[in-house]
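Here is a short briefing on a predicted model.

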Amino acid sequence: MKNQYDNLFLLIKTLSKSEKRHFQLYVKRIKKNKNSKFMMLFKNMMKIDNYNEKKILNNTKISKVQLSNIKRYLYNQLLISLKIQHVKINYDIKIRQYLDFSRILYNKGLYIQSLKLLKKAKIIAKNYELNTILLELVEFEKMIESQHITRSICSRSEDLSSESKELVEKIKQCNALSSLSLELYDLYLKVGYVRNEKDNIFIETYFRTNTQKFNITKLSFYEKLFLYQSKAWYYHIRQDFIMCYRSSKKWIKLFQSYSNAKKIAPVSYIKGYHYLLDTLFYLNHYSKFTSVLMQFENEVKNKKILINENTEILIFIYTYANRINKHYMDGTFSEGVKKIIPSFISNFKKFCKRMDYHYIMVLYYKISCLYFGSGDYSNTIKYLSNIIENKRKNLRQDLQCFSRLLYLISCYESGLDDNMDQKIQSTYKFFIKMNDGYIVQKEIILFFKNLRSVYPHQVKNNFIKLKEKLIKYYNHPYEKRTFLYLDILSWISSKIENKSVEYIVRERFIKNNLKLR
C-alpha cells in the first residue's frame, strides 16, 4: 500500500498551478464535492512536503479504514481532470477522445456522425504520422462500412482495404526499426562500450542482420528517426564517435526538416541533442561542443522545445551533464563546482523522485569526477559511494567498475588508506565478477598493490613507469574504454609533475587552443 500512497502524493506534487486550479474547478461543478473527504485529502496533501499518513489522518475527517478508497478515488479524479485539460494541447489524447466519442455514437446507431468524428481523428493522425492509432481508426471505419449502409461511395470499401494494407506494412517496418533501436539502447545501458573482439563481433552481426538497405526518401518520419537512433547507439557502443556524430547530426536535422516533429516526439529530439553533444565531448571538439550546447539551451529558453513534466526532467539531466562535460574539457573543475553544484542540488530535489536510477547514477559519477578534478576527494568519495552501494541489477556495470577505480584513487589521495589492501582486493574481485578485467585496469590495481612496499622517494618513479605502460593503450580499440570514463593519465601526470589535476588539464586545453589558432 505504501507504493500506492507514494504514487498519489507524487502525482499531486507534479501538478502545475493551472492543473491544480483546473482540478478544483472540475470538482466544484458538483456542489457536494466542495467539502468532500477526497477534496480535504487533496488540499492537505498539497500543503505537506513529505507523505505522512498519521499527519494526514489527524488533519482530516478521514478514518484509517476509509483512506485507501478515498485515495484511489482522488487519484482517478485527478487523471480525469488532467485528461480534460490536456486534450486541448495533446493531439494523441484528442484522437483518442474522437475515437471514444465515435464508438459511443456508433453504439447509439448514429453511424454517419460516428464516421464524421473518425474522419477528424484520421486527419490529425495522418498529420502526425501516428500509423498505429490510424490503423485502429481505419479498422473501426471498415467495420462500420461493412455492417451498415452509410451512403458512402461504392469504392470506399476498396480504398479502406488498400489503406489498411499499406498501414500494416508501414507499421511492420517501423516496429522492426524501433525494436532494434530499443534493444541497442538496452544493451548499452547494461554493458556500456564494447569490451573486446567478441563483443564487437556480436554487436556488428546483430546490427547487420537486423537492418536492411533502405530508400531513405521513402521512409516516414518515425522510420528515419528509429534508423538514425539505431545507428547512433550502434556506433556509440563500438566507440566509433565520428560515425556516431554523423548519425546524431542527421537525427537533429530530421526534426528541423519536419514542421511538427518537435511536437510529435520532443523526448527523442532532446535525446538527439544529448548524443550529438556526447560525441563531440568524446571527440574533444570544444568549439563545436560549446556552440551546440548554447544552441540547445537557447531552444529550451525560447520554448522551441515542448516543455512538460517529462521533457523537463530530461532537459535537467542533459543540461547539467553537458555543462559538467564542458568543465572537464577546459579544465575548470573548481569553477564548475561553484557554478553547478548548488543549483544542481536544488533542482535535483525537485526531480529525483521521478528520475530513472540510470540517470541518477550517471549524474553522480559526473559530479564525483568534477569534485575529483577540483581536488575535493571527500565529496568525490561521497558521490561514488552512492553508486557503489546501489544494489540494483543490470545498472550500468561499466559505471560500477570505474566508480570503484576512481574510489580507490580518491581514497589514496585523501589519505584514507588504512585498509587499502582490502579495498584493492575488493575492487579486483568486482572486476573479475563483472568480467571487466582489462590490461589498463589491472595495471592500475597492480600499481596500488605494489605501492604499499615502495619507499617515498621511489613513488614518483613508479608513477612514471605506470604512465609509460598505460599510454600505449590510449588508442587501443578496447583498452581506450578506460580513458573515456576516467582521465587517468592527467592524474598520473599530476603526481609526476607535482601539480594539481586541474592545472594539468587546463594547461593542456590552453596549449591545444593556441595550436588551433
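**Cysteines**

- The whole structure contains 0 disulfides.
- Cys401 is in no disulfide. Its nearest cysteine sulfur belongs to Cys369, 14 Å away. A disulfide needs the two sulfur atoms within 2.5 Å.
- Cys401 counts as buried because its relative accessibility is 0%, and buried means under 20%.
- Cys352 counts as partly exposed because its relative accessibility is 24%. That value falls between the cut-offs of 20% for buried and 50% for exposed.

**Helix 17**

- Helix 17 spans residues 333-351. It bends by about 35° at Ile340.
- The buried residues of helix 17 are Phe333, Gly336, Val337, Ile340, Ile341, Phe344, Phe348 and Phe351.
- An α-helix has 3.6 residues a turn, so residues three or four places apart point the same way.

**Nonpolar cores**

- The largest nonpolar core holds 144 residues. Met355, Tyr365, Phe448 and Ile488 touch the most other members.
- Helix 18, residues 357-374, gives the most to this core, with 12 residues.
- Which residues does Phe448 touch, not counting those up to four places away in sequence? They are Leu408, Ile409, Tyr412, Met420, Ile424 and Trp491.
- Another core, of 22 residues, lies apart from the largest one. Leu41, Phe42, Leu74 and Leu82 are among its members.

Terms used
Residues are numbered from 1 along each chain as its sequence is written. This is a predicted model: local features need pLDDT of at least 70, side-chain atom pairs count only at pLDDT 80 or more; totals for chains, interfaces and linings use all residues. Side-chain values use heavy atoms; hydrogens and water are left out. Buried means under 20% relative accessible area, exposed over 50%, partly exposed in between (1.4 Å probe, protein chains only). The bend at a residue is the angle between axes fitted to the seven residues ending there and the seven starting there. Helices (H or I, at least four residues) and strands (E, at least two) are DSSP runs, numbered from the N terminus. A nonpolar core is a set of buried Ala, Val, Leu, Ile, Met, Phe, Trp, Tyr and Cys residues joined through side-chain atoms within 4.5 Å. Contact means heavy atoms within 4.5 Å.
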